[in-house]
Amino acid sequence: MNDCIFCKIANGIIPSKKFYEDENMVIIADINPQATKHYLLIPKEHYANIIEMTDEQAIVLGKCLKKLSTLVDELGLQDGFRIVSNKGENGCQSVGHLHVHILGGEKLSDRMA
Ligand code: 5GP
Ligand code: ZN
């Protein structure tokens, strides 16, 4: 997608500090952190949200999430974290390229919203 900010970040057209990158995804810091540690896991392939992904994209997303098990130390998430993927208006999704928020680095609220 030509005008998608996360396509540009994930594919290096807009430079950013990448905490992790492989052929499927990047992990960057959220520009407006909602927790001490707030990362965005962004698949390199553009699709809007979790409802619109194909079976193949779901497999890739599963691999991306599995990769977190090897990254908790360097991301400072040893004591736990929360993952969230907002979808649509009620979910307050503001960027239409699927991404997974990873929140941690502190004790989070026991309320989800
Ligand atoms: P959403 O609201 O769609 O679930 O999440 C979008 C997230 O992307 C927001 O938390 C917002 O702060 C973050 N964000 C938007 N634009 C940029 C950007 O250019 N760079 C980074 N690092 N984060 C961004
Ligand atoms: Zn995109």
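Me: Starting with a definition: a residue is near a molecule or strand if one of its heavy atoms lies within 4 Å of it. How many residues surround ligand 1?

Reply: There are 16 around ligand 1, and the closest are Ala29, Asp30, Asn86, Ser94 and His101. Keep in mind that this is a predicted model, where local features need pLDDT of at least 70, side-chain atom pairs count only at pLDDT 80 or more, and totals for chains, interfaces and linings use all residues. Residues are numbered from 1 along each chain as its sequence is written, chains are lettered from A and ligands numbered from 1 in the order in which they are written, and side-chain values use heavy atoms, with hydrogens and water left out.

Me: What is 2.7 Å from the side chain of Asn86?

Reply: An oxygen atom of ligand 1, counted to an N or O atom of that side chain. A polar contact here is a pair of N or O atoms within 3.5 Å.

Me: How much of ligand 1 does the protein bury?

Reply: The protein buries 79% of the 520 Å² that ligand 1 exposes when taken alone. Those areas come from the Shrake-Rupley method with a 1.4 Å probe.

Me: New topic, the zinc. Which residues are its protein donors?

Reply: Cys4 (SG), Cys7 (SG), His46 (ND1) and His97 (ND1), lying 2.0 to 2.3 Å from the zinc ion (ligand 2). Donors are N, O and S atoms within 2.8 Å of the metal (3.2 Å for Na, K and Ca). The site is tetrahedral, with angles of 105 to 117° among the 4 donor atoms; four donors count as tetrahedral if all angles lie between 85 and 135 degrees.

Me: How are those donor residues spaced in sequence?

Reply: As C-x2-C-x38-H-x50-H. Cys4, in the segment before α1 (5–10), and His97, in the loop between β4 (81–84) and β5 (100–104), are 93 residues apart, and the pair links distant parts of the chain. Helices (H or I, at least four residues) and strands (E, at least two) are DSSP runs, numbered from the N terminus.

Me: Is Cys4 buried or exposed?

Reply: Cys4 is buried, and His97 is too. Buried means under 20% relative accessible area (1.4 Å probe, protein chains only).

Me: And why is strand β2 largely enclosed?

Reply: Because 4 of the 5 residues of β2 (residues 25–29) are buried. Strand β2 runs antiparallel to β3 (residues 37–43), joined by 5 bridges. In that pairing, Ala29 has Tyr39 as its bridge partner. Strands pair if DSSP finds at least two bridges between them.

Notes: Four donors count as tetrahedral if all angles lie between 85 and 135 degrees; four count as square planar and six as octahedral if opposite donors are over 155 degrees apart and all others between 65 and 115; anything else is irregular. Buried means under 20% relative accessible area, exposed over 50%, partly exposed in between (1.4 Å probe, protein chains only). A polar contact is a pair of N or O atoms within 3.5 Å; within protein, one must be able to donate a hydrogen and the other to accept it, and residues adjacent in sequence count only if both atoms are side-chain atoms.
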